[in-house]
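Work through the exercises below with the sequence and the 3D structure at hand. Try each task before reading its solution.

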Amino acid sequence: MFIHKYVSDFYFTQIMFNYDIQFLSSLNEEKFLKIYNLFKEYNFYFIEDIILSYLEIFLFEYDDILKGINLLKEKLGDDFVSIIGKNMSYLELLLSNN
């Protein structure tokens, strides 16, 4: 399972517990990596938490997630990453816009 390359052993164990193996198998590593790198580019310091709680985000298209991140930045201001880090429910916007 390629996700193990991107998260610690603890997070990987939790992901395996939280998600159905069929869903995990449906993930595309290339698409996952593009979105993973997008989060890194914007300095999301809690990417493992995003993967654990909002893995569905990695099913969407890169451009749609980029647009959603920019909407969050516009809505929350320049400190948007820190704000999202304290309340990850803002990521629901990424899911609801797709």
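The structure is a predicted model, in which local features need pLDDT of at least 70 and side-chain atom pairs count only at pLDDT 80 or more, while totals for chains, interfaces and linings use all residues. Residues are numbered from 1 along each chain as its sequence is written, and side-chain values use heavy atoms, with hydrogens and water left out.

**Exercise 1. Find the buried residues of H3 and state what covers them.**

Step 1. Buried means under 20% relative accessible area, exposed means over 50%, and partly exposed lies in between (1.4 Å probe, protein chains only).

Step 2. Phe32, Ile35, Tyr36, Leu38 and Phe39 are the buried residues of H3. They lie on the same side of H3, because they cover an arc of only 155° around the axis. The arc is taken from the directions from the helix axis to the C-beta atoms.

Step 3. Glu30 and Glu41 are exposed on the other side of H3.

Step 4. The cover over the buried residues includes H4, helix H5 (62-76) and helix H7 (92-96), where contact means heavy atoms within 4.5 Å.

**Exercise 2. How many salt bridges does the whole structure hold, and which residues form them?**

Step 1. A salt bridge needs a side-chain nitrogen of Lys or Arg within 4 Å of a carboxyl oxygen of Asp or Glu. The search finds two.

Step 2. One joins Lys5 and Glu29, with the closest N and O atoms 2.6 Å apart. This pair links distant parts of the chain, 24 residues apart: Lys5 is in the segment before H1, and Glu29 is in helix H3. Lys5 is exposed at 59% relative accessible area, whereas Glu29 is partly exposed at 27%.

Step 3. The other joins Glu61 and Lys31, at 3.0 Å from N to O. Here the partners are 30 residues apart, with Glu61 in the loop between H4 and H5 and Lys31 in helix H3. Glu61 is partly exposed at 45%, and Lys31 is partly exposed at 26%.

**Exercise 3. Which residues make the nonpolar surface patch?**

Step 1. Patch residues have over 30% relative accessible area and no salt bridge; like charges are joined within 9 Å, and nonpolar side chains (Val, Leu, Ile, Met, Phe, Trp, Tyr) within 5 Å.

Step 2. Met1, Met16 and Ile21 make a patch of about 260 Å². Areas come from the Shrake-Rupley method with a 1.4 Å probe, and for residues only the protein chains shown count as cover.

Step 3. Met16 belongs to helix H1 (residues 9-18). Met16 is partly exposed, with a relative accessible area of 33%.

**Exercise 4. Describe the phi angle and the surroundings of Asn43.**

Step 1. Most residues other than glycine have a negative phi.

Step 2. Asn43 has a positive phi, near 60°, and is not a glycine.

Step 3. Asn43 sits in the loop between helix H3 and helix H4 (47-53). With a relative accessible area of 57%, Asn43 is exposed.

How values were computed:
Helices (H or I, at least four residues) and strands (E, at least two) are DSSP runs, numbered from the N terminus.
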